[in-house]
Amino acid sequence: MSRYASELCVLLVDNLYGELTSRIFQVILREGRLSIPALIHHTGLTPRLVKHGIAVLLQQQLVFWHTSAEDATVYEANTTAAYNLVRAGKYVQIAEEQLGHFAGAVISNLLLLGHARVGDLVQAYGTRSKDKPPLSNGSGSVTDDNVESDVTPKSVHITLHDLLQAGLVSLVNESHFRSDADNRIEAGKVVPAAEYFKNKTKRENEEQREMAILQKLEEWKYPTAPEEEEVEIVNRGKKRRLEDPKESETIKRQRLYLPLVDKVASTAGTAGALRIGHTGALNNDHILRINHDKFAVIMRNRSLVALAEQSICKTTAKVYAEVLRRLESKVRNCKEETGAPDFGDGPELHALPQVSTDDIVAALRHSTDLANAFGNVDASRVNLRQSDHPKRRRRREESDSEDEVMKDGNASRGEEEDEDDSDSEALLTSASSESEEEKGEAEYDPSSSTKTRAKAPENPQLNTIRDHLLLLAQHPYQFLHHFPETPILPEKWTVYFAPLMAHLTHHTLLRTITSRYGLRAARLTRLLSEKGKVDEKNLCSLSLLNQKTMRSYLTALHQAGMIQLQEVPRDNSRNPQRTLYLWFFDIERCKAKMLQETYKSMARCLQRVQVEGDKVKSTVEKASRSDVIGREEEFLGVQEREALRKWREMEDKIWGEVARLDDMVAIMRDF
Amino acid sequence: MAPASKPKGGSRVKKEGKGDLYRICGVDIPYDPELELDKPKPTPLFPEYKVPASKPLTASEKDQVARFRSLRESIHNGPLYAILGDNVRVGKPGNKAAASFNPFEGMSKYSQRYTKKRRTTPKLDTRPYVLKFFPKELWSILDPTATETNGVIGSGSKGKSLRIPGYEKMDDIDLEISGDEGEEKAKRNPEEDEPLEGEEVDDEFDDVDDGGDYNAEQYFDDGGDDAGDDYDGGGDDGGGGEYF
């Protein structure tokens, strides 16, 4: 972990959990795996304090632990969790948007408590005396004030169940407290040795064992039910079946299916039935925690929608948001699909989760502004050729004249168009990879749209929404993939995230470069990323800048590490006169560089908060005195109130800035 | 050399072979007062720089920050937040308390009774824990009654419940208040915690006043705490025992 990232993690822990924990965390980060005696040595704290601090860190899952066979326990920093502290506000907001105010409050409390048993959570909510108003905690403004006061255990259960089904919280097991390496070792212990698998060759055995280990790790990572409970279900299931077949059936169903968020979601038909069928109660012994992966998925969807809004328009972005929301339940991890399907492989693309047009139409039926987003132009007045690249236009004209000679009507014309379109796609996105026939069909919409129009005249929104979806599919970024209607299957859409993420990253990098070095620098970078390694002279002619201006931009970019220079000597003497200098833009390097810079500026922001906070420390302390709270007007002077207001504003601003930087980090690292 | 010093009536005399020379009142001066030294200007050390300003926060971002703040507030008010006490030595000794003492604001005041007291040790005995997620060496501080027999973890303290800000029972809050004072007391008597490896504890002993010397800085602190203890009737020796 880089210096700035670890600095940032320590600052975050310090900001939220205080000096004691951050001191311990810092030492663990710096020194690596440590046992408690070593920690005592390095921190210079008393054993009692170290143990308490470690306990707090463990409760919040900020450290991993592992007890070896010799009964020595070592602790290791969980930097992902520590970094994710910065997203706490976003998590609460997302939960509120998705599942309502109370869900947000529950998420907030889970963040506060670390992990917690369902039973304890329900009890904690249930214990409030009914007649007393909720005690605000000094902060008051957003916490629980507007929460309806009739929080019953049942409603808590239902909310928790919703959260679990949406994947925002997940079950915890021991493996979440172990680092990846330890998990791998533990999985190796559980899975039988290679000789157990009875294959022909040793290599096949090894491979099968490797698969089994990966499967075990997967099971641990996305736990469905606590392990001992599974055994219990089996045992109890037998007994119950003897006593009361019906009851055991429902209980089994409930237990087995409830936590299986993915399975439930993937069989969309049964999900609703299940929800009605069960009583709305979760097992009290389940232990819940925040599921960071899922929140990352939702954040990715948000930034994709923002990208669609920027590159197309607001209304289309809304449609896109709906598509992504439909797919959300089927994506549990941002990194999951990367590398899995090979490009150009039809079936692999089909294996991605899909959503049908009807679902989207059903969800968006009542939006009114969909149709207005498109201008209505009479089809006869549209000249598609005008929007073509000049070269293409010329070529098309030539082919048209040939067509006229041939007088062959629609068929050959359609082919021509297909070919042309695929050419253009290849030009636009060099990394484009959709199989040719699919693209052709996606592009060739007029006939199919008239077909559907004829078929389903009862829903006027359908065509508008289809247009929006096609627009998304045709965009060079390829927000969507289109699976046209077949005799068996309805029309479907899917999102292939990997190339889309590359576009998003590139877009973000370019935006940063633009704001730092100007538009021309961004143009040069884009040229370089498109052309690969380019000689200065060529670059000069490509970028339409004079050499002197171009050099000033290139130097600035080079200095900042955004682009690189390669020297290729033409002979052995390595004479600078006889050396080629090639500029190139390595997106991975640029990304890494930008990521470190972002960490750095986040850390600096937090340090600035500390410094500014120290300046008004005495006033803040006074304002937080128990006799002053609630009577600020009386006890605080005008200047003090002004200082407090300013400080609050400043803190908001800085944390808002940190949240923005975090969005960038998410794009470059997590998605 | 300011150009203003250029003589008005100074006549220009040209010495052969040696370039231009100026003469003021008949005296030759060996330099050229008309020479503009500022041209070309040296690059400024700190050139004008437009500080990039970020856009103001949107409503959603403000909302986000507000949520973060309120969460942080409740963490800080919760039992797990702990600062480092003055008596903890870490790394290099910083400046001494006496050296950084502010004579105007540092004196103990009556109003300090009301200042928020920060914990120096996290208060772990307020809630139930899932002990299987913690290594055994920490069980003693999380739940002293915990035992493990044949892989089944048993705990003697069943009565604890989670507390969520805004959802406490009223007697819970009373308990917390007395509990806090109990903890402060515990801070002063570290021997009531489990015996630790000697020398570390000594530190704390050193810092504990035995109550003999007069110490102006702690005058009100002590008075306040004692008063609290008296009021409480000293019934909180048991610490966690009351959470039933």
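**Helix packing, sheets and loops in a predicted model**

The crossing of helices α24(A) and α25(A) is right-handed. The model is predicted. Helix α24 of chain A covers residues 497-517, and helix α25 of chain A covers residues 519-531. They pack at an angle of about 145°. Their axes lie 7 Å apart. On the α24(A) side, the contact is made by A:His506, A:Leu510, A:Ile513, A:Thr514 and A:Tyr517. On the α25(A) side, A:Leu519, A:Ala521, A:Ala522, A:Thr525, A:Arg526 and A:Ser529 take part. By type, the residues of this contact divide into 6 nonpolar, 4 polar and 1 charged.

Helix α24 of chain A also holds A:Thr508. The relative accessible area of A:Thr508 is 2%. This residue is therefore buried, as the value falls under 20%. Leaving aside residues up to four places away in sequence, A:Thr508 touches A:Met664 and A:Ile667.

Chain A contains an open sheet of 3 strands. Their order is β6-β8-β7, and the pairing is antiparallel. Strands β6 (354-356) and β7 (481-483) of chain A stand at the edges. Each has a single partner strand, so one side of each is left without a neighbour in the sheet. From one strand to the next, the twist averages 30°. Strand β8 of chain A spans residues 492-494 and is joined to β7(A) by 3 bridges. These two strands run antiparallel. Opposite A:His482 stands A:Trp493 in β8(A). Helix α18 of chain A, residues 357-364, lies across β6 and β8 of chain A. The helix runs at about 60° to β6(A).

A second pairing in chain A involves strands β1 (residues 63-67) and β2. The two run antiparallel and are joined by 5 bridges. Strands of a sheet pair through backbone hydrogen bonds, either parallel or antiparallel. A:Thr67 has A:Thr73 in β2(A) as its bridge partner. Together β1(A) and β2(A) form a hairpin, with 5 residues between them. In the turn, A:Asp71 has a positive phi of about 65°. Strand β2 of chain A covers residues 73-77. Its covered face consists of A:Thr73, A:Tyr75 and A:Ala77. Its uncovered face consists of A:Val74 and A:Glu76. In a regular strand the side chains alternate between the two faces of the sheet.

A:Gln61 sits in the loop between α3 (47-59) and β1 of chain A. With 10% relative accessibility, A:Gln61 counts as buried. A:Leu544 is placed in the loop between α26 (536-543) and α27 (547-560) of chain A. Its relative accessibility is 71%, so A:Leu544 counts as exposed.

Chain B has 5 helices and 5 strands. From the N terminus on, its elements run β-β-β-α-α-β-β-α-α-α. Of the 244 residues in chain B, 31% are buried. Among contacts in chain B with a separation of 6 or more, 57% come from residues 24 or more positions apart. The accessible surface of chain B comes to about 16600 Å². Carbon and sulfur atoms account for 53% of that surface.

Key. Residues are numbered from 1 along each chain as its sequence is written. Chains are lettered from A and ligands numbered from 1 in the order in which they are written. This is a predicted model: local features need pLDDT of at least 70, side-chain atom pairs count only at pLDDT 80 or more; totals for chains, interfaces and linings use all residues. Side-chain values use heavy atoms; hydrogens and water are left out. Axes are lines fitted to C-alpha atoms, for helices over the stretch in contact, and angles run from 0 to 180 degrees between N-to-C directions. Helices (H or I, at least four residues) and strands (E, at least two) are DSSP runs, numbered from the N terminus. A crossing is left-handed if the near helix is turned anticlockwise from the far one by less than a right angle, and right-handed if clockwise. Contact means heavy atoms within 4.5 Å. Ala, Val, Leu, Ile, Met, Phe, Trp, Tyr, Cys and Pro count as nonpolar, Asp, Glu, Lys and Arg as charged, and the others, Gly among them, as polar. Two strands pair if DSSP finds at least two bridges between them. Buried means under 20% relative accessible area, exposed over 50%, partly exposed in between (1.4 Å probe, protein chains only). Accessible areas come from the Shrake-Rupley method with a 1.4 Å probe; for residues, only the protein chains shown count as cover.
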